[in-house]
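Please walk through the sheet, the helices and a handful of side chains in this model. Keep it brief.

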Amino acid sequence: MVVRIRLQRFGRKHSPFYRMVTANAKAPRDGKFLELLGTYNPIPNSAGNKEIRLKTDRLKYWISVGAQPSDRVAWILGKFGILPPVPTRFSPERSVPKKDRENE
């Protein structure tokens with residue numbers, strides 16, 4: 001069974017709230033999960049801060065037994081030093097305007 005660490009969406013339209021959970025890779029996004037590992041509120045509060053709560057000991061445990069984080073979860077964990085930071089995708093071709101590119 002492949003276990004993924006991913007975000008489970010809650011909240012209403014245009015105001016998302018996420019739980020970070022471990023789940024079977026074949027389970028639906030908002031379906032059954034194995035363990036709740038934290039929360040993530042992407043809407044900034046009045047001070048301009050996004051709220052993230054993590055159970056770091058449990059996150060490290062699940063990563064040690066082979067759970068694979070989703071792209072967004074890997075980015076969040078990279079920001080907090082639990083995983084190595086995700087490398088930025090750099091494409092030198094895209095930095096040149098389309099009209100100046102040489103078509104090959």
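Glu35 sits in strand 3. Strands (E, at least two residues) and helices (H or I, at least four) are DSSP runs, numbered from the N terminus. The model is predicted: local features need pLDDT of at least 70, side-chain atom pairs count only at pLDDT 80 or more, and totals for chains, interfaces and linings use all residues. Residues are numbered from 1 along each chain as its sequence is written, and side-chain values use heavy atoms, with hydrogens and water left out.

Glu35 has a relative accessible area of 18%, so it is buried. Buried means under 20% relative accessible area, exposed means over 50%, and partly exposed lies in between (1.4 Å probe, protein chains only). The side chains of Glu35 and Arg58 are joined by a polar contact of 2.8 Å. Such a contact is a pair of N or O atoms within 3.5 Å; within protein, one must be able to donate a hydrogen and the other to accept it, and residues adjacent in sequence count only if both atoms are side-chain atoms. Not counting residues up to four places away in sequence, Glu35 touches Met20, Val21, Thr22, Arg58 and Trp62. Contact here means heavy atoms within 4.5 Å. Thr22 is also the bridge partner of Glu35.

## The sheet

Two strands pair if DSSP finds at least two bridges between them.

Strands 3 and 4 run antiparallel, joined by four bridges. Here Tyr40 stands opposite Ile52 of strand 4.

Strands 2 and 3 pair in the antiparallel sense over five bridges. Strands 1 and 2 also run antiparallel, with ten bridges between them. Arg6 stands opposite Val21 in strand 2. Strand 1 and strand 2 form a hairpin with two residues between them.

His14 is in that turn, with a positive phi of about 65°, although it is not a glycine. Most residues other than glycine have a negative phi. His14 counts as exposed, at 76% relative accessibility.

## Aromatic rings

Two aromatic pairs occur in the structure. Rings of Phe, Tyr and Trp (its six-membered ring) pair if their centres lie within 6.5 Å; planes under 30 degrees apart count as stacked, over 60 as edge-to-face and the rest as tilted.

| Pair | Centre distance | Plane angle | Class |
|---|---|---|---|
| Tyr18 and Tyr40 | 6.1 Å | 25° | stacked |
| Tyr61 and Trp62 | 5.5 Å | 70° | edge-to-face |

Tyr18 lies in strand 2 (residues 15-24) and Tyr40 in strand 3 (residues 35-41), so this pair links distant parts of the chain, 22 residues apart. Tyr40 is buried, at 9% relative accessibility. Trp62 is buried at 14%, whereas Tyr61 is partly exposed at 38%.

Arg19 lies over the face of Phe10, 4.4 Å from the ring centre. Arg72 lies over the face of Trp75, at 4.4 Å from the ring centre. A charge sits over a ring if NZ of Lys or CZ of Arg is within 6 Å of the ring centre and within 35 degrees of the ring normal.

Ser70 lies in the loop between strand 5 and helix 2. Ser70 is buried, at 16% relative accessible area. Leaving aside neighbours within four places in sequence, Ser70 is in contact with Arg4, Ile5 and Arg6.

Ile82 is in the segment after helix 2. Ile82 is buried, with a relative accessible area of 16%. Beyond four places in sequence, Ile82 touches residues including Leu54, Leu59, Ile63 and Leu77. Lys60 is also among the contacts of Ile82; their C-alpha atoms are separated by 7.3 Å, 22 residues apart along the chain.
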